[in-house]
Amino acid sequence: MGTDDRTSSSQHLYAAQPRTAAGAAALASLQSLSDSVHDADEGALRALQMRPIDALALMHLVDAGRIERFLSPTDLALRLRLSTAGVTKLVDRLFRDGRVERRPHVHDRRRVVLVPTATASADLARAYGHIHTPVTAVIDELSDDEAAVVGRFAARLADALRRENTPSTAALPPV
């Protein structure tokens, strides 16, 4: 299914339509952006020959490694919302593929930290560069005022989606 097919067929999925034509156009543009990002992400995963959760884990490990705050398997499990058993299998795959090393923790030699290899960082840069490069180029074309509006919009939308998709404590069963 092409991007145009998804955009035109997905408009009916929304319970409420924007109140203005400009709002509807903005929503259509956001859907097109979402489709383009999805397609680009699928291409990156194919290039990496990785599962989405493995690529996300690797991104977390590389980001933490940039500031030399290496994550433990438990830290990674919390970030990914996976069980420790699930993270162990994931880390085993990354280790087998030469993308992560297990090393003793600097201060507590009984603990293990996960260190991304140079290959992992290069793989991510190669696989996702085609996404980040045009995003940065388009942002750089904006005036400071336009960039500020985009930033506020993106932050508000991210916050609204986070609130909508975070289970309330009232919905959780008692402990």
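Student: What should I know before reading the values?

Tutor: This is a predicted model in which local features need pLDDT of at least 70, side-chain atom pairs count only at pLDDT 80 or more, and totals for chains, interfaces and linings use all residues. Residues are numbered from 1 along each chain as its sequence is written, and side-chain values use heavy atoms, without hydrogens and water.

Student: How many salt bridges are there?

Tutor: The count is 10 salt bridges, each being a side-chain nitrogen of Lys or Arg within 4 Å of a carboxyl oxygen of Asp or Glu. Among them, Arg93 pairs with Asp54, with the closest N and O atoms 2.7 Å apart.

Student: Where do Arg93 and Asp54 sit?

Tutor: Arg93 is in helix H5 (residues 84-96) and Asp54 in helix H3, 39 residues apart, so the pair links distant parts of the chain. Helices here are DSSP runs (H or I, at least four residues), numbered from the N terminus.

Student: Changing topic, which residue lies over the face of Phe95?

Tutor: Arg102 does, at 5.2 Å from the ring centre. The rule asks for NZ of Lys or CZ of Arg within 6 Å of the ring centre and within 35 degrees of the ring normal.

How values were computed
Helices (H or I, at least four residues) and strands (E, at least two) are DSSP runs, numbered from the N terminus.
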